Amino acid sequence: MGRKDKSKFEKWFSLTRHQRRFGAKHLSKHINVDFKHQKKQFIVDDGIIYTYGSPKNIEEHSNALKNEFSGQSELCHTHAKLIILIRREFETKKHFTIFENLWHEETKFLLKSLNTRWLLSAINTFADCSNNDAIIGLSVACSCLLITIEIQESERFIINSKNNKDDKEKTDRLNNEERIMLFDGISTFKFGTSDTIRNMRWRIDKAAKINVAGKILLEVFKRLQKFDTIYKRAKDRHTRDKTGWW
């Protein structure tokens, strides 16, 4: 069992927590809830600069994040500012309500405009703050999917496995319907013909009709087929039309 999250009592006595909330009131005052107007306002395009980590100063953090949305709609930055305020636990209930309203009114726009990093932040916010069990469940499922891919692709990066080639002997064994065990009853995925991912896609399509977290899960799943991830590589290897999933 890993280390537990701090209790409310422990958090209240945390100096860092108070330092990270300093300036939150000022940032909160400038949250614009006219979403339709902000969609048409664009941030000056000075080139996207991604942040790494977060400064204690909340205004500095908000300004740094603005660079991530260079050339994009102001509404994307407002979405990020709401997440900052929620993460730093400043009037969380109020800002999560605005966050929910934003997703309710602008679902299509946000799904199209936010990159995967910010979809993950959104889904983690729903998982942490929603009172709806169905939204929490699908949010956690989406977060698990993305973080697992992040870990798996990161390992692939550090062990220089990108240029490795398929082992023909092992591929032949799989093509001959041999069941090769990986761990605890889970056997090797059969690239090329398996219906496993197609069936998973059908389940995700159903989940997307339930709530906003299901819609984000479907959007994330579609993107995993587009970028260089295990899903795209599986797609590129797939040969059986009947079990395609994209």
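Modeller: Let's start with a definition: a residue is buried when its relative accessible area is under 20%, exposed when it is over 50%, and partly exposed in between. Please keep in mind that this is a predicted model.

Biologist: Which residue forms a salt bridge with arginine 173?

Modeller: In this salt bridge of arginine 173, the closest N and O atoms are 2.9 Å apart.

Biologist: In which helix do arginine 223 and glutamate 219 lie?

Modeller: Arginine 223 is buried, because its relative accessible area is 12%. Arginine 223 and glutamate 219 sit four residues apart, about one turn of the helix they share. That helix covers residues 212-224 and is H13.

Biologist: Turning to helix H10, about how many helical turns separate arginine 156 and glutamate 153?

Modeller: These two side chains form a salt bridge, with the closest N and O atoms 3.6 Å apart. Arginine 156 is buried at 14% relative accessible area, and glutamate 153 counts as buried at 16%. Because they are three residues apart in helix H10, their separation is about one helical turn.

Biologist: Further along, is isoleucine 158 buried or exposed?

Modeller: Isoleucine 158 belongs to helix H10, residues 133-158. Together with Phe157 and Ile159, Ile158 forms a nonpolar surface patch of about 380 Å² accessible area. With 63% relative accessibility, isoleucine 158 is therefore exposed.

Biologist: What is the phi of asparagine 160?

Modeller: Most residues other than glycine have a negative phi. Asparagine 160 lies in the loop between H10 and helix H11 (168-175), and with a relative accessible area of 63% it is exposed. Although asparagine 160 is not a glycine, its phi is positive, at about 55 degrees.

Biologist: Where is glutamate 89, which also has a positive phi of about 55 degrees?

Modeller: Glutamate 89 is not a glycine either. At 28% relative accessibility, glutamate 89 counts as partly exposed. Its place is the loop between helix H6 (74-87) and helix H7 (92-105).

Biologist: Now for the inside. Which residues touch the most other members of the largest nonpolar core?

Modeller: The largest nonpolar core has 53 residues. This core takes at least three residues from each of domain 1 (10-114) and domain 2 (135-243). The members that touch the most others are Phe99, Trp103, Phe126, Ile216 and Val220.

Biologist: Which residues is phenylalanine 99 in contact with, leaving aside neighbours within four places in sequence?

Modeller: Phenylalanine 99 is one of the core members that touch the most others. With those sequence neighbours left aside, its contacts are His79, Leu82, Ile83, Ile86, Ala122, Thr125 and Phe126.

Conventions: Residues numbered from 1 in each chain as written. Predicted model: local features only at pLDDT ≥ 70, side-chain atom pairs only at ≥ 80, totals over all residues. Heavy atoms only, no water. Patch = residues over 30% accessible without salt bridge, like charges linked within 9 Å, V, L, I, M, F, W, Y side chains within 5 Å. Areas by Shrake-Rupley, 256 points an atom, 1.4 Å probe, with all protein chains shown as cover. Salt bridge = Lys/Arg side-chain N within 4 Å of Asp/Glu carboxyl O. Helix = DSSP H or I, 4+ residues; strand = E, 2+ residues; numbered from the N terminus. Buried < 20%, exposed > 50% of the residue type's maximum accessible area, 1.4 Å probe, protein only. Core = buried A, V, L, I, M, F, W, Y, C linked by side-chain atoms within 4.5 Å. Domains from an automatic or database assignment. Contact = heavy atoms within 4.5 Å.
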